[in-house]
Amino acid sequence: MVSTSPVATSPLPWAAGGVDLSSPNRNLAPLSTDIDAEGRLRVGECVLSELAQRFGTPLYVIDERSLRQACSAYREALERHYPGPSLAVYASKANSSLAITAVVASEGLGLDAVSAGELLTALEGGMPPERIVLHGNNKSSEELALAVQNGVTVVVDNWHDITLLQELAQGRTEPVALMLRFTPGIECHTHEYIRTGHLDSKFGFDPDQLEQVLTHLAGCRWARVQGLHAHIGSQIFEVEPHRDLAAVLADALVLARRLGHDPSDLNVGGGLGIRYVASDDPPSIDGWVQVVAEAMVAACRERNLELPRLLCEPGRSLVAPAGVTLYTVGSRKQIPDLNTYVAVDGGMSDNPRPITYQSEYTACLADRPGAEATETVTLVGKHCESGDVLLKQLPLPATEPGDVLVVLATGAYNASMASNYNRIPKPAAVLVADGCAELVQRRERPDELLRYDVLPERLRSVG
Ligand code: PLP
């Protein structure tokens, strides 16, 4: 095998040896990852290459133990560090499915939905409506109606929401429970597309408008302001912005009280980053919650406020480390002294993060995870797009067509952001635990992709 670029050492935790596999945030692989006697990678005691054979590839694999452990890490950290009431609310945009909803609901978390589709999934997946919040910067009347009819709390993002809700609430005896979202004016270091807390953002009221909105709502018998919400962004490793956020939210609570409201909840949003590559060093769930909780307690004490219910909305840090994607290696293109492209049977349609955010990932071979790398390749997908690159500079042992390749930490913003670009069907997803793999999302078939096309009669039978 000709190597065209220098070979890097494998960044895999088990190859490095002695890495603690007990915290999902500290590691690249799901919690229940191990290697069997034949040297093959397993997750949830299921051999990954066997899953690839049984369910086909690309395949999303979700480790139930990792997901449950992350849920309980949030729950327990809130109980440990926050003396008032609290609730962790899963941001289902990270990965929305009936099975994930059911797991998260059974762990006692709430859920944040941003569309009718996510809301229906949450309700059907068994999430109690009183633990659901509906977000969105341009909710439709139908989406708001679905939330209101089911007793879901609506996070009001703008005046348009208020106008639509006012119409929907006519004739209702019970007021609609609302949370007000505003931009806290906090900058943090993350990709500009996933930064939401700075003032120039499409989400939430400008802080200068808050007084006017709260004054208006104080005169609306149909509305009950249950809480205030601000979110600063996603994939954030710094904790300092959360200290500022607590102060900003506590000030908003003082304002709301002065204007006649009695909100019980302060919601700090999500945003905790995870480890995609060995050099990433995010805080642990416990460390993040500790800072958030202590900052909230301090901010409330300084203002003589009774402790509100503290809500947070983690998405990525709950599901990303629980997921891996399996691909089958196919073609190869070698350009001497320049590059080696190895192609797999998926790419930007099942994982749009690299092309959208230049995100980095870690990958290895399913049956030889610790094998010495002999070349450095560019791992590409099968889409008709030069930018369809999953991983740059990937150190790999020699591969053959048919080898199963594993990309780690794909549990968030992969399945939920998947598209049918090039009319490629979306992958299946399986939930693994204790040696059992259950299908939780069926693989699309190419013929199903034609379901929503309509061919006008006059264009039929041409040719
Ligand atoms: N809450 C809100 C309002 C969001 O916009 C997001 C995502 O950006 C989240 C929660 C989840 O963020 P993360 O997945 O980074 O935890």
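**Strand pairing and domain contact in a predicted model**

In strand E6, Leu111 is the residue that Tyr90 stands opposite. The model is predicted.

**Strand E5 and its partners**

- Strand E5 spans residues 86-91. Most of the strand is covered, with 5 of its 6 residues buried.
- Another partner is strand E12, residues 309-312. E5 and E12 also run parallel, joined by 3 bridges.
- On the E12 side, Ser86 stands opposite Leu310. On the E6 side, Tyr90 stands opposite Leu111.
- Helix H4 covers residues 98-106. Together, E5, H4 and E6 form a β-α-β unit, and the unit is right-handed.

**Strand E10 and its partners**

- Strand E10 spans residues 223-229. Of its 7 residues, 6 are buried, so the strand counts as mostly covered.
- Strand E9, residues 176-181, pairs with E10 in the parallel sense. That pairing has 6 bridges.
- Leu180 stands opposite Leu228 of E10.
- Strand E11, residues 265-267, also runs parallel to E10. Here the number of bridges is 3.
- His229 has Asn267 of E11 as its bridge partner.
- A right-handed β-α-β unit is built from E10, helix H9 and E11. Helix H9 takes in residues 240-258.

**Asp244 in helix H9**

- Which helix holds Asp244? Asp244 is found in H9, the helix of the unit with E10 and E11.
- Is Asp244 buried, partly exposed or exposed? Its relative accessibility is 45%, so Asp244 counts as partly exposed. The class runs between the 20% limit for buried and the 50% limit for exposed.
- Asp244 and Val292 lie 48 residues apart in sequence. In space, their C-alpha atoms are 9.7 Å apart.

**A three-strand antiparallel sheet**

- An open sheet of 3 strands has the order E1-E2-E3. Its pairing is antiparallel.
- The edges are strand E1 (33-35) and strand E3 (46-47). Each edge strand pairs on one side only.
- Strand E2 covers residues 41-43. E1 and E2 run antiparallel and are joined by 3 bridges.
- Ile35 has Leu41 in E2 as its bridge partner.
- Strands of a sheet pair through backbone hydrogen bonds, in the parallel or the antiparallel sense.

**The two domains**

- The protein chain is divided into two domains. Domain 1 comprises 13-57 + 322-449, and domain 2 comprises 65-319.
- The contact draws on 27 residues from domain 1 and 29 residues from domain 2.
- The domain centres, taken over C-alpha atoms, are separated by 32 Å.
- Between them, domain 1 and domain 2 bury about 2,600 Å². Carbon and sulfur atoms account for 54% of that area.
- How many salt bridges are counted between domain 1 and domain 2? The count is 0.

Definitions and conventions:
Residues are numbered from 1 along each chain as its sequence is written. This is a predicted model: local features need pLDDT of at least 70, side-chain atom pairs count only at pLDDT 80 or more; totals for chains, interfaces and linings use all residues. Side-chain values use heavy atoms; hydrogens and water are left out. Buried means under 20% relative accessible area, exposed over 50%, partly exposed in between (1.4 Å probe, protein chains only). Helices (H or I, at least four residues) and strands (E, at least two) are DSSP runs, numbered from the N terminus. Two strands pair if DSSP finds at least two bridges between them. A crossover is right-handed if, with the strands pointing away from the viewer, the path from the first strand over the helix to the second runs clockwise. Domain bounds come from an automatic or database domain assignment. Contact means heavy atoms within 4.5 Å. Buried area is the accessible area (1.4 Å probe) that two parts lose on being put together, summed over both. A salt bridge is a side-chain nitrogen of Lys or Arg within 4 Å of a carboxyl oxygen of Asp or Glu.
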